[in-house]
Amino acid sequence: MSTVLWANVLIDGKVDSDESDKYALYKYTKKLDEISKSLNVVGFKAAQDITEMQCNISDDDLPEGMESTDELMAKEGVWISGSEAVEMLEIIISHITEKGVRFGLLGNDHEEVVRELKESLLVAKRAKSENGAFNFSVVM
């Protein structure tokens with residue numbers, strides 16, 4: 001079982017996830033975070049929430065009255081605004097596409113990273129258009 005990222009929106013207190021495994025984005029989080037910081041946008045890692053992962057590895061029950069990790073993430077998770085997410089993702093995509101940034105030592109996962117970033121951008125645009133928030137949940 002591998003660890004991946006899922007793109008999520010928070011609108012009116014409710015989490016909606018694309019439930020699409022973004023393995024390359026998780027694998028290259030450190031590099032994407034460095035790129036985002038060098039471009040003076042919200043850090044890629046700052047948009048990641050570990051609520052789901054923590055719940056999966058701990059034996060703790062959800063807080064009283066909560067039935068899902070999405071409810072916990074909605075209330076206590078890490079979120080950035082939809083507009084910050086759109087800006088970050090658009091600028092990263094533009095930069096790595098224009099510069100031909102490589103991802104990987106032996107192979108090059110550039111196309112997979114770009115595809116997953118563009119998929120995430122669609123979710124971020126929804127968050128922005130509906131005045132919501134965005135995050136990547138770390139899922140095991």
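Among contacts between residues at least 6 apart in sequence, what percentage join residues at least 24 apart? In this predicted model, the figure is 67%.

**Stop 1: the whole chain.** Following the sequence, they come in the order β-β-α-α-β-α-α-β-α-α-β. The radius of gyration is 15 Å, close to the 14 Å that the globule rule gives for 140 residues, so the chain is as compact as a globular protein of that length. Along its principal axes, the C-alpha trace spans about 50 × 35 × 20 Å. Of the 140 residues, 46% count as buried.

**Stop 2: the main core.** Now select Leu 32, Phe 44, Ile 96, Val 113, Leu 117, Phe 134 and Phe 136. In the largest nonpolar core, which has 34 residues, these touch the most other members. S1, H1, H2, H5 (82-99), H6 (110-129) and S5 each supply at least two residues of this core. Zoom in on Leu 117: leaving out residues up to four places away in sequence, Leu 117 touches Leu 25, Leu 32, Phe 44, Leu 89, Ile 92, Ile 93 and Ile 96. There is also a second, separate core of six residues, including Leu 10, Val 15, Ala 74 and Trp 79.

**Stop 3: helix H4.** Select residues 69-76, which make up H4. Which residues of this helix are buried? Thr 69, Leu 72, Met 73 and Ala 74 are.

**Stop 4: a buried aspartate.** Go to Asp 33 in helix H2 (residues 29-38). Is Asp 33 buried or exposed? Asp 33 counts as buried because its relative accessibility is 10%, below the 20% cut-off. Setting aside neighbours within four places in sequence, Asp 33 is in contact with Gly 43, Phe 44, Lys 45 and Ala 46.

**Stop 5: two loops with positive phi.** Most residues other than glycine have a negative phi. Asp 12, in the loop between S1 and S2, has a positive phi of about 55°. Asp 12 is exposed, at 81% relative accessibility. Then move to Glu 19, in the loop between S2 and helix H1 (23-27). Phi of Glu 19 is also positive, near 50°, and Glu 19 is exposed, with a relative accessible area of 57%.

**Last stop: charges.** Colour the 15 positive and 27 negative charges; their mean positions are 10 Å apart.

Definitions and conventions. Residues are numbered from 1 along each chain as its sequence is written. This is a predicted model: local features need pLDDT of at least 70, side-chain atom pairs count only at pLDDT 80 or more; totals for chains, interfaces and linings use all residues. Side-chain values use heavy atoms; hydrogens and water are left out. Buried means under 20% relative accessible area, exposed over 50%, partly exposed in between (1.4 Å probe, protein chains only). Helices (H or I, at least four residues) and strands (E, at least two) are DSSP runs, numbered from the N terminus. Contact means heavy atoms within 4.5 Å. A nonpolar core is a set of buried Ala, Val, Leu, Ile, Met, Phe, Trp, Tyr and Cys residues joined through side-chain atoms within 4.5 Å. The radius of gyration is taken over C-alpha atoms; the globule rule is 2.2 Å times the number of residues to the power 0.38. Lys and Arg count as positive and Asp and Glu as negative; His and the chain ends are not counted. The place of a charge is taken as NZ of Lys, CZ of Arg, CG of Asp or CD of Glu.
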